[in-house]
Amino acid sequence: MTTTDSNALGGFIHPAVFYGSDEEYLALLVPFVTDGLAQGHPVAAAVPGARLRLLREALGADAGDVLLLDMEVVGRNPGRIIPGVLRRFADAHPDAHVRIIGEPIWAGRTDTEYPACAQHEALINHAFAGRDVTIACPYDTAALAGHVLADALATHPLVWDATERTGSDRYSPDAVIERCNTPIMPVPGGHVLVVTTTAEIRAARRVAVDEAHRHGLDAERTANFALITTELVTNSLRHTGGGCRLTVWLDTDHLVCTVEDGGLLADPLAGRHPAGRDQHGGRGLLMVNALADLVRVHTGPGGTGVHAFVRLAP
């Protein structure tokens, strides 16, 4: 390993920041913010709520010059972080080096959420290759499992900790993307509907609304769930020739819409490209990511399954 702040991705710098205490967190990240502000860099921080309060207090008056976001809110679904947080901020400052702190993985993440989180961290490298951006991703070494920290070494070309800044000799983001490309089996007992024509989209929407009402979703979340279902079924019919299988099922505290078809989703960043101002199509999966609390995708030669999770309660 060599001490470096650069990598093979051109102007893009993407370190995993390992910390084991509040003191290490602030010692690593406050200078990252204040040095950036001193150089005129736009700075944003999207971190879990408790860390956000800690960082805001430590920054003092400088906090007013930083976009501070609660990652537990804006990044609850990892699939919306690249377009809705990282790209939104970086694209708003095309002529400056942008600094972002992004902490999408914390101890409260579930086993169902984690593969989407790890894929997100790996996909950042593709989404920002060649961009003049630094995205520092903190990892709590005292609270996170060993396999999570090992994945961080694979999804980040650089590692910063309290003692040094080095390159990662385990960097292999595409291997993480593929390893996390795992199927989900819907819990038995869900409502299943095979959709083969556009005339049946209305029936799919009706199933979504009926199941949302049956499981007690409020009006807003029912509308979101119906829109998610409609978009996924419509996308499947538009892009594959064999129809799709819709399953609406309950997973503990989430209602899940699963749409499976025989197609292959070739672009790993599908649903993470921000929509262009004049773009009229291609917004379906982007919209699903924006509305759902979690999206998991499994794709391969045998077909694709998209699973959109919506919490039963806000």
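Colleague: Is Asp151 buried or exposed, and what is its relative accessible area?

Modeller: This is a predicted model, in which local features need pLDDT of at least 70 and side-chain atom pairs count only at pLDDT 80 or more, while totals for chains, interfaces and linings use all residues. Residues are numbered from 1 along each chain as its sequence is written, and side-chain values use heavy atoms, with hydrogens and water left out.

Asp151 is buried, at a relative accessible area of 8%. Buried means under 20% relative accessible area, exposed means over 50%, and partly exposed lies in between, using a 1.4 Å probe and protein chains only. Asp151 belongs to helix α6, residues 146-155. Helices (H or I, at least four residues) and strands (E, at least two) are DSSP runs, numbered from the N terminus. Asp151 touches Tyr114, Ala118, Val176 and Arg179, if residues up to four places away in sequence are not counted. A contact is defined as heavy atoms within 4.5 Å.

The next element to look at is α5. Helix α5 has 14 residues and reaches 20 Å from its first C-alpha to its last, close to the 20 Å expected at 1.5 Å a residue. The expected span of a helix is 1.5 Å times one less than its number of residues. At Glu121, α5 bends by about 25°; the bend at a residue is the angle between axes fitted to the seven residues ending there and the seven starting there. Helix α5 is mostly covered, as 13 of its 14 residues are buried. Gln119 has its place in α5 and is buried, at 13% relative accessible area. Leaving out residues up to four places away in sequence, Gln119 touches Ile177, Cys180 and Asn181.

A search of the whole structure finds 5 aromatic pairs. Rings of Phe, Tyr and Trp (its six-membered ring) pair if their centres lie within 6.5 Å; planes under 30 degrees apart count as stacked, over 60 as edge-to-face and the rest as tilted. One of the pairs is Phe12 with Phe128, which is stacked, at 5.8 Å centre to centre and 25° between the planes. This pair links distant parts of the chain: Phe12 is in the segment before β1 (15-19), Phe128 is in the loop between α5 and β5, and the two are 116 residues apart. Phe12 is buried, at 0% relative accessible area, and Phe128 is buried at 0% as well. Another pair is Tyr19 with Tyr25, whose ring centres are 4.6 Å apart and whose planes are at 70°, so this pair is edge-to-face. Tyr19 is buried at 2% relative accessibility, and Tyr25 is buried at 1%.

Val133 lies in strand β5 and is buried, at 2% relative accessible area. Apart from its neighbours within four places in sequence, Val133 is in contact with Gly11, Phe12, Ile13, Ala90, His97, Val98 and Phe128. Val133 and Pro83 are 50 residues apart in sequence, and 15 Å lies between their C-alpha atoms.

Rings can also sit under a charge. Arg99 lies over the face of Phe32, at 5.2 Å from the ring centre, and Arg165 lies over the face of Trp160, at 3.8 Å. The rule is that NZ of Lys or CZ of Arg is within 6 Å of the ring centre and within 35 degrees of the ring normal.

Ser236 touches Gly243, Cys244, Val259 and Asp261, not counting residues up to four places away in sequence. Thr252, by contrast, is exposed at 69% and sits in the loop between β9 (244-251) and β10 (254-261). The phi of Thr252 is near 55°, a positive value in a residue other than glycine. Most residues other than glycine have a negative phi.

Last comes confidence. The average pLDDT, the predictor's confidence in each residue from 0 to 100, is 94, and 95% of the residues score at least 70. Over residues 1-10 the pLDDT is below 50, and this stretch has 27 contacts in the model beyond near neighbours in sequence.
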